[in-house]
Amino acid sequence: MLDRTKTAAPVFMTGEDCNIAAFEQHVARTTDAADYPFAVEIVSNIPVYDGDALREQFLHDDTAYPVMAELNRAFQSGPGIIAIRKGYADLDLVDRVTAALSAIIAEEEAASGGKGDHFAAAGANSRVWNAHEKLAVRAPELFALYNANEIVRRVSEAWLGAGYQITTQVNVVRPGGKAQTPHRDYHMGFPTEEALRTYPVSQHALSASLTLQGAIAHSDMPLASGPTKLLPYSHSYVPGYFAVLRPEFRAYFEAHYVQMPLMKGDMLFFNPATFHAAGENTTTDMQRFA
């Protein structure tokens, strides 16, 4: 018999359901290295993996799936973020792809008059939207070599399963390029608070599982160049799509974010619901290319 004395969990939320004290408690965790035995270290609460070791482990399903299970836990209940050193061992291949993409950038900027993209003023950075298809058309052999990366496949399948689709964008942030506003991404990362109210709690939670974001460093990315700012464990805060729009949560992010310096060929993957933002490039001579 239905017990009507129990209060049912709410089906819809508003921004008033966000609580900064609860959020602070939610993200104030320490990543335990014992939970990530395949990682070589924990840096700023983020498990870091060695690409050479992963290439060996990912050769066969019996050694790959235990690692993939660990990655899945990292994206779901862990910090939501992982880094991989030497995700691409062939840096000459990375450089050749960079050259091909840079040629596309030059052509598109010449055609557009150098206008800015969706978050930067003209001249502050460069973007190539739909770089996946454009690279395939321009340099199909390079495209095939670049995408025949077993680490990308196994990490993607660890979270998304087989049959996932890839879309890539090139992002070049030049010296002086400013930081982004903290945000979450697809598919609920961009609606207004009014629009977010129309989605039930179940969809707010589900959205964090539908995509995986990754970055491949095509240049060295020291902290001064502004690698992505990240807030570990923020992805699993269910009202987070509302919260990231609110000033007190943005202020908390700016006070507590972490950044992972990367070398050319390194990879960074994170749950799309992680509070994140591109950092500011404070160098005078370094273009951050991802």
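Does P232 count as buried or exposed?

A: P232 counts as buried, because its relative accessibility is 6%; buried means under 20% relative accessible area, exposed over 50% and partly exposed in between, with a 1.4 Å probe and protein chains only. A word on the ground rules: this is a predicted model, where local features need pLDDT of at least 70 and side-chain atom pairs count only at pLDDT 80 or more, while totals for chains, interfaces and linings use all residues. Residues are numbered from 1 along each chain as its sequence is written, and side-chain values use heavy atoms, with hydrogens and water left out.

P232 sits in the loop between β7 (229-230) and α10 (240-243). Helices (H or I, at least four residues) and strands (E, at least two) are DSSP runs, numbered from the N terminus. Leaving out residues up to four places away in sequence, P232 touches V27, S44, N45, I46, P79, I81 and V258, where a contact means heavy atoms within 4.5 Å.

Take I81 from that list and follow it into the sheet. The bridge partner of I81 in β9 is F270. Strand β3 (residues 81-85) and strand β9 (residues 267-270) run antiparallel and are joined by four bridges; two strands pair if DSSP finds at least two bridges between them. They belong to an open sheet of five strands with mixed pairing, in the order β1-β2-β3-β9-β6. At its edges are β1 (41-43) and β6 (213-216), each pairing on one side only. From one strand to the next, the twist averages 25 degrees. Helix α3 (residues 61-76) lies across β2 (46-50), β3 and β9, at about 135 degrees to β3. For these angles, axes are lines fitted to C-alpha atoms, for helices over the stretch in contact, and the angles run from 0 to 180 degrees between N-to-C directions.

α3, β3 and β9 turn up again around helix α7: together with α2 (51-57), they are among what covers its buried residues. α7 (residues 150-160) is mostly covered, with eight of its 11 residues buried, including R154, E157 and W159. At the start of α7, a side-chain oxygen of N149 comes to within 2.9 Å of the backbone nitrogen of I151. Just past the helix, G161 has a positive phi of about 80 degrees.

Now for the aromatics. The whole structure has nine aromatic pairs; rings of Phe, Tyr and Trp (its six-membered ring) pair if their centres lie within 6.5 Å, with planes under 30 degrees apart counting as stacked, over 60 as edge-to-face and the rest as tilted. F23 and Y252 make an edge-to-face pair, because their centres are 5.7 Å apart and their planes at 80 degrees. F23 is in helix α1 (residues 20-27) and Y252 in helix α11 (residues 247-256), so this pair ties together parts that are 229 residues apart in sequence.

Key. A polar contact is a pair of N or O atoms within 3.5 Å; within protein, one must be able to donate a hydrogen and the other to accept it, and residues adjacent in sequence count only if both atoms are side-chain atoms.
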